[in-house]
Amino acid sequence: MWNMITLQTIGVMIVCASVGILLTRKLKLPHIVLYIITGLALGQAEVALLDKEFLKESLGAVRVISEAGIALLLFLVGMELSLSKIKDIGNDAVVAGLWQVGLSVILGFGISFLAGFEVIPSIILSVAMTFSSTVIVVKLLGEKKHLDALYGRISIGVLLVQDLVVILFLTELSALGTGADHDWRTVLAQLAKAMAGVAGLAAIAWLVAKKFLQRLMEWASSSTELLLIWSLTWCFVVVAGAHAFHLSHEIGAFLAGISLAQLPLSNSLKQRVHPLMNFFVGIFFIALGMEIDLGTALASWKMALVFTVFVILGKILIFFTVFSRQGFNERTSFVAALTLSQISEFSFLFAALALKNELIDETIVAVVAFTGVATFISSSFLISYNERIYFWFKNKGLLKFMNASQTKSKDEYPSTKRSGHILVIGMNSLGREICRRLCALGHNVLALDSDPKKLRGLPCDTLIGSADYTSILEEASFEHARLVVTTLRIEDVNNSLVYQCKKMGVPVAAHGFDSTVIPDLKELETDYIIDSKSSWLNKLFIKLEEHGVKLT
Amino acid sequence: MMEILYILLAASIGLGISKLLKIPSVPMLILAGGGLDYLNAPIDGDLARDALLLGLIFLVFLSGTSLNPWRIGERTKLAFFIGAAQFMLIGLISFFVCAYMGFTLMESFYLSLALSSSSTLVVIKLLQSRGEMFEPFGRMMVGALLVQDLLMMIVISVLERFDFGAMDMVIAGVLVCVLSLLALIFKKWIIPWLLVRDDVDEEQQLLIAVGILFFFMGVSHLFNLPFVAGAFVAGISLSSFPVNGALKGQFASLNNFFNAVFFVTLGFFVELPPAEMFNSVFVFCALIIVLTPALTLSVAAFADMPFRTGIESGLLLAQTSEFSIVLALIGMSNGHLSSDHLGMITFMTVVTMTLTPFLANEKVASWSMLALAALSRKKDGPLVYSGHFIFFGCGESAMVAVEKLLEKGEQVVVIDDDIGVVRGLKERGVEAILGNGRDTTVMSRANLSGARMAISSMRKFSDNLAVVQFAKDTPFVVRVFDQEEADIFKRLGAQPIPATDAASSDFLEWVQSNMKVPTNQLDS
């Protein structure tokens, strides 16, 4: 009844990646690098559970998981960036994206042609080297929590423009294969269709989210299960819409995310989707590594190395120049340029399609594969350490030639975190009462609850989200709080919060809602236990005393 | 990717209906999956089978992670007693019923096992929604479910080796114990070292945790045990504090997603049982709904538990489990059961789970309590107290006050609807009346009008309202949970003590003595 092949494949992938994480944690390798290396190793090794036939059979499920992971990744990016943030950099992103595509294609074509490739293979190679990877960039920026930074927004803007342009190239390539008509009118028509598709889909998604989803999601907010499944469904509905408009899944998922970003619950949704995305995208990268035939790729390593250097240095130079000329300051321009210095996952698809259409041979596919892996890995380091690299270049005076602006822009990096506040978690009647009284005393209070209805009418700052997720606690800046108070009636969440606060050295008060939970809170050295039953009893004793019975 | 969309769409509809009608999500998800099949949704069979398998593994794994023996607290023995007694007694009775109804020996084995355990998913969700998860009653229920799930896993592992003879079954049993031991070693020493450290971030924690799942599945494969046994013990190995706290949120997302995937794809594959099996389905459903509460109440009486606990436990446990479906799937893959049996067990699960919230509610429990109280009340004689204190409800806090008043030589009468509580109080020499506090005959018997003071810790607003209207000149102190209730009682002449107000006052006192408002915040 069961086909265990998929399970075995995923199992081996995950176990090997876990071992990799454990062995290399001191090196602090970016996750993507580790996943790709795990995949490459598994792809080459003769693992008993993983022969090639095995892989072919399981590819269907693994591919679906991978595609879902990428969709979720872009869905999260959409939720991270509201429409206003996108509008701010929209024009710049379009101009920079188009300039870069043009310059990269010309330069790439020149290098390929000089290296001895014929015209068509040179075009294919240059186009494959032109686009940058949305998945890599978004994943790494997300890990750095820099999606919201100015350089992050510019990079994502450019990637979205590239995602639109890539559709044209892919359509043209398919047309070349089928021998269909592909004159300039067709190209323009395709472009107009793609643009209209994006605009139409964005408008529909935005309207539906505004008119219907807001109420529905609020109604669903008390059920975590419902909230997660509905938001995922929305993501895949818009992805299906994008498919119908001949747009990429990534654009669909991004638009779904953007449309939900306007809802007050978007923060809570992000936390819930994140673990799924991490799991699925991990499988995507491992599978990507496994699918690359390292042997063939290494056979043409010299040529591949030339293109790797071209992609890294060429793109940094092109983007740095374009961004600087657009008026972005030196730091933002250089860091954004570093961010985009890799090829795209589309490049693999593009090369594969060209091979299928007999426009290129295996050598070019191998060059693309090698360049892809090399630039993915190099990008992981360039993005992870982008600030250090920038300051190294700056201190050596290597960026002066661009004469870029040195003025700091106010939204260069996300706003600094709050500190010195009292974080109150759980807006039941006790939590709300505590918030009101703390505010009345003049304390800076942040109230956290997963139900937006419970946060209404409070005289303090509020944050929607579940304390189950470390990321929401980080967003609430719990490590910089003066005091964390949990009034939840959930024992393990309270214990976990106390444990984390004690680890961070933050004073913590927790609700001892029943005598059975108090011993553990004491053992965890909770600074104050809100013993509601004892408090009630004390008040009762006072009442009894008023009636002439002294019990204390 | 369209497959994912169809599954998610079905799950969305199922979960939406479940929330709207306030019934458990599992039956609705299965029905939504059935809807996909009915509408001939173009879902690739292999992909759906992979989704079912992945969903099944994560369901079992994540059930394990939520079953932490540490949660049971002091009621371990009682939990074990209830869990094991229900599993064995219902199992035994069902086995004979199945055999009587003409099922084969092997089918009877599987069917009786499927009937003998209750749903962790449904019970935990109901306990959470009532805020009882971490109350002593909730802890005991979680313990009982843990026992049942563990027994189920052992039996599944042993049954898989049924065709290979008794010796193989014994070996399988021993190997399950070895696997569990390995999980305990991981839980105690290895997993905290792997996961609770500063150099491992959230993403890595999740991947390592899933890596541990597949590691244990690999070990169970080496031991020739079913993969679900590995998944379950892997979950238990990750259930201890603080590992479970660190992973709780991440597991919650996986849990929600994979549960939806599993039950929808199950609904997509499973067929309705044939018409001739519906008689059996009806008998089995009745067996669970009638027998489980009756047996649990008997066990409760035997174990000297409060009657309310016994009744509520029985009503809460009166459904088959998601593990019953897992058992049926394993039985099918072993060739011991047919798809008709899977359909039958799934159908029973849908019916009994759907009925659970209607049965396991306060009204049914109170009605049962009152029926029991009516039987016992005849034996009590009239009370002739005056100047006494009357307690409506006698929980943990009220008991402290009762004892202090008795120490001071005051006369105290307690009114409680739990025969177990009343019996316990009487044994300690406290005057107690069995009955509902809102019942005027009960209040008259306690001579409310002649009492010095009445104190209520009853949870229900309407019950307290009935008392305040009857109390008239007797001072009535009532515990309330919000200001609105406090205002109403104050207007009616009672003396409300808002529990949150008392707790927040004490807390604020501590804050003020330990934390001054920073000057910059005062300025702002």
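**Stop 1: the two domains of chain A**

Colour chain A by its domain assignment: domain 1 covers 4–402 and domain 2 covers 422–546. Keep in mind that this is a predicted model. The C-alpha centres of domain 1 and domain 2 of chain A lie 41 Å apart. Now show the residues where the two touch. Domain 1 of chain A brings 10 residues to the contact, and domain 2 of chain A brings 14 residues. Together they bury about 1000 Å², with 48% of it on carbon and sulfur atoms.

**Stop 2: what bridges the domains**

For a salt bridge to centre on, select Lys145(A) and Glu474(A). Their closest N and O atoms are 3.7 Å apart. The count of residue pairs in polar contact between domain 1 and domain 2 of chain A is 6, with both residues at pLDDT 80 or more. Which helix gives the most to the domain 1 side? Select helix 11 of chain A, residues 266–291: it supplies 5 residues to the side that touches domain 2 of chain A.

**Stop 3: the sheet in chain B**

Move to chain B and switch to cartoon view. Look for an open sheet of 6 strands, paired in parallel and ordered 3-2-1-4-5-6. Its edges are strand 3 (431–434) and strand 6 (495–498) of chain B, each pairing on one side only. On average, neighbouring strands of this sheet are turned by 20° against each other, direction ignored.

Strand 2 of chain B, residues 412–416, pairs with strand 3 of chain B in the parallel sense over 4 bridges. Select Ile415(B); opposite stands Ile433(B), in strand 3 of chain B.

**Stop 4: helices on the sheet**

Bring chain A back. Helix 23 of chain A (residues 532–546) packs on this chain B sheet. It touches strand 1 (389–392), strand 4 (453–456), strand 5 (476–480) and strand 6 of chain B. The direction of helix 23 of chain A makes about 170° with that of strand 4 of chain B.

Next, select helix 22 of chain B, residues 499–514. This helix also packs on the sheet, touching strand 5 and strand 6 of chain B. Its direction makes about 55° with that of strand 6 of chain B.

**Stop 5: two loops in chain B**

Select Phe241(B) and Pro242(B). A cis peptide bond joins them, with omega about 0°. Pro242(B) sits in the loop between helix 10 (227–237) and helix 11 (243–269) of chain B.

Finish at Asn40(B), in the loop between helix 2 (25–38) and helix 3 (45–66) of chain B. Asn40(B) is not a glycine, yet its phi is positive, about 55°.

How values were computed: Residues numbered from 1 in each chain as written. Chains lettered and ligands numbered in written order. Predicted model: local features only at pLDDT ≥ 70, side-chain atom pairs only at ≥ 80, totals over all residues. Heavy atoms only, no water. Pairing = 2+ DSSP bridges. Axes fitted to C-alpha atoms, helices over the stretch in contact; angles between N-to-C directions. Contact = heavy atoms within 4.5 Å. Domains from an automatic or database assignment. Buried area = accessible area lost by both parts, 1.4 Å probe. Salt bridge = Lys/Arg side-chain N within 4 Å of Asp/Glu carboxyl O. Polar contact = N/O pair within 3.5 Å; in protein donor to acceptor, adjacent residues only side chain to side chain.
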